Amino acid sequence: MMRWRRPLVYRPLVDLSTMEDRHIIVTHRLDRATTQELCAQMEPDLMSAIRQPTGSPPQVQVLSVLRFLASGSFQTTLAMASGMSQPMFPNVLTRVVSALLKHMRSYIVFPQVEDLATVKADFYALGHIPNIIGAIDGTHVAFVPPQK
């Protein structure tokens, strides 16, 4: 008995140029300019992925992983929304996170120990919340010690 193969169906790939600025910030937690800069900076690290016949362009890879990191959603959902297959997403995630780590010093700055008092004072002046030494895109993240 002969089996018929189903034709491959390619979903449209996510495209930064078709997104509204507010949508980019809400879904990816970065503005358009920073996202474009990040994509361009990481492109050489991600080019090997598009040599595969089903590979995605670097911008699609970066946007997919940024959305995953920003939302914490399931890989299957994000892969489908980005236009890639779910089995490909873990490989893309690994590649993009590795590239992000390579470039993170350009975007993430931790205060030096000798600057902590000044940083705390500056944050207190802004929001009157004591003992703040950093901010993540304006999101308030409370660190709670584990219970004993």
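Where is Arg29 found? Select Arg29 and you land in the loop between α1 (21-28) and α2. Before moving on, note that this is a predicted model, where local features need pLDDT of at least 70, side-chain atom pairs count only at pLDDT 80 or more, and totals for chains, interfaces and linings use all residues. Numbering runs from 1 along each chain as its sequence is written, and side-chain values use heavy atoms, with hydrogens and water left out.

Back to Arg29: its phi is positive, about 65 degrees, although it is not a glycine. Most residues other than glycine have a negative phi. Arg29 is partly exposed, with a relative accessible area of 38% (buried means under 20%, exposed over 50%, partly exposed in between, using a 1.4 Å probe and protein chains only).

Now zoom out to the whole chain. The secondary structure comes to six helices and zero strands, in the pattern α-α-α-α-α-α along the sequence. Helices here are DSSP runs of H or I with at least four residues, strands are E runs of at least two, and numbering starts at the N terminus. Of the 148 residues, 24% count as buried.

Next, select residues 58-71 and 89-103, which are α3 and α5. Their axes are 9 Å apart and the packing angle is about 90 degrees; axes are lines fitted to C-alpha atoms, for helices over the stretch in contact, and angles run from 0 to 180 degrees between N-to-C directions. The pair is therefore roughly perpendicular (65 to 115 degrees; under 35 is roughly parallel, over 145 roughly antiparallel, and the rest oblique). Show side chains for the contact (heavy atoms within 4.5 Å): α3 brings residues including Val62, Val65 and Phe68, while α5 brings Phe89, Val92 and Val96 among others. By class, this contact has 10 nonpolar, two polar and one charged residues. Nonpolar covers Ala, Val, Leu, Ile, Met, Phe, Trp, Tyr, Cys and Pro; charged covers Asp, Glu, Lys and Arg; the others, Gly among them, are polar.

On the α2 side, pick out Leu38, Gln41, Met42, Asp45 and Leu46; on the α5 side, Arg95, Val96, Ala99, Leu100, Lys102 and His103. That contact divides into six nonpolar, two polar and three charged residues.

Which residues have the most contacts inside the largest nonpolar core? Highlight Met42, Val62, Met84 and Val96, in a core of 23 residues. Such a core is a set of buried Ala, Val, Leu, Ile, Met, Phe, Trp, Tyr and Cys residues joined through side-chain atoms within 4.5 Å. Helices α2, α3 and α5 each supply at least two of its residues. Centre on Met42: leaving aside neighbours within four places in sequence, Met42 touches Val62, Val96, Ala99, Leu100 and His103.

Slide along to Met104, in the loop between α5 and α6. Met104 counts as partly exposed, at 25% relative accessibility.

Last stop: His128, in the segment after α6 (116-127). His128 has a positive phi of about 55 degrees although it is not a glycine, and at 57% relative accessibility it counts as exposed.
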